[in-house]
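Subject: Structure for your review

Dear colleague,

Please find below the structure that I am handing over to you.

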Amino acid sequence: MTNERTAIKTTYFSIIGNTALALIKGLTGYFGNSYALIADAIESTTDIFASFLVLFGIKYSNRPADKNHPYGHGRAEPLITFLVVGFLITSATIIAYESIINIGTPHDLPKPYTLIVLGAIIIWKEISFRMVYKKGIQTNSSSLKADAWHHRSDAITSLAAFIGISIALIFGKGYESADDWAALFASFFILYNSYLIFRPALGEIMDEHFYDDLIEEIRTVSIGVEGVMDTEKCFIRKSGMKYHVDLHAVVNAYLTVKEGHEIAHRLKDTLKERIPELGHILIHIEPNE
């Protein structure tokens, strides 16, 4: 299965899971007198829209190169990640605002059965995070990693709700707002996770260097190609699920232009074969002095 198909399949998993959980949390929170669960449902609802954005970004970023986009459409993916972060920040703001209002509003204690629902949700969301994040690493997809962090932030808000409801139920009357304080606390975790998602996507847009291991692999493969004596500069730019490479290869200074050209093509073909995640590769021939 290609990286694109893997990423799309994983995103559908997120959409279906978030839709089901948003309904479960919303209904349980409403009938169980738990605003923390309702806040959790709000976060899951934004996750649904965010996952649809991720799906669009993955499909669009994997369009082939064309006349107007000779390097492909991969940069659409970090841009979609920025929108996903916007959804996270919006949901955190809504949760914080509603929590503050509810802290000062008298209400009934949450129902005990809400803890059972939350316990199951926490386990499921943590499993979802690990699975989706693993697929994000496998496919080199920044937006899929962002989608994974949605699952982790969901698990955190559910855990905060679990703690808040437990405090309210254990200490009883006078502690009804513990549930709301838990939701407020969770909103700050969501904001922190937003930064964790935003930072690498920004680095991708700015062509920031994160790829020492990949550069070392490229150099090792290159030295094994007939005619390549050494390598010099190696620059990498990530675009979507691909890495574009500019590589300076050192060859015998007395080769003909044609021989140097053949070595460059042989090197490029070998790199693409040995490291499939590489996209556009530009080889610059350097003479051995």
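The model is predicted: local features need pLDDT of at least 70, side-chain atom pairs count only at pLDDT 80 or more, and totals for chains, interfaces and linings use all residues. Residues are numbered from 1 along each chain as its sequence is written, and side-chain values use heavy atoms, with hydrogens and water left out.

Helices (H or I, at least four residues) and strands (E, at least two) are DSSP runs, numbered from the N terminus.

I begin with a pair of helices. Helix H1 (residues 3-31) packs with helix H5 (residues 142-171) at an angle of about 25°, and their axes are 10 Å apart. Axes here are lines fitted to C-alpha atoms, for helices over the stretch in contact, and angles run from 0 to 180 degrees between N-to-C directions. H1 and H5 are therefore roughly parallel to each other, a term for angles under 35 degrees. In the contact (heavy atoms within 4.5 Å), H1 contributes Ala7, Thr10, Thr11, Ser14, Asn18 and Lys25, while H5 contributes Leu144, Asp147, His151, Asp154 and Ser158. By class, the residues of this contact are two nonpolar, six polar and three charged. Ala, Val, Leu, Ile, Met, Phe, Trp, Tyr, Cys and Pro count as nonpolar, Asp, Glu, Lys and Arg as charged, and the others, Gly among them, as polar.

I turn now to the sheet. Three strands form an open sheet in the order E1-E2-E3, with mixed pairing; two strands pair if DSSP finds at least two bridges between them. Strand E1 (230-239) and E3 stand at the edges with a single partner strand each, so one side of each has no neighbour in the sheet. From one strand to the next, the twist averages 15°. Helix H7 (residues 212-223) packs on the sheet and touches E1, E2 and E3, its direction making about 135° with that of E1.

Strand E2 (residues 242-252) and strand E3 (residues 278-288), by contrast, pair in the parallel sense over nine bridges. Valine 245 stands opposite isoleucine 281 in E3, and valine 251 is opposite proline 287 in E3.

Yours sincerely

Technical notes:
Parallel < 35°, antiparallel > 145°, perpendicular 65-115°, else oblique.
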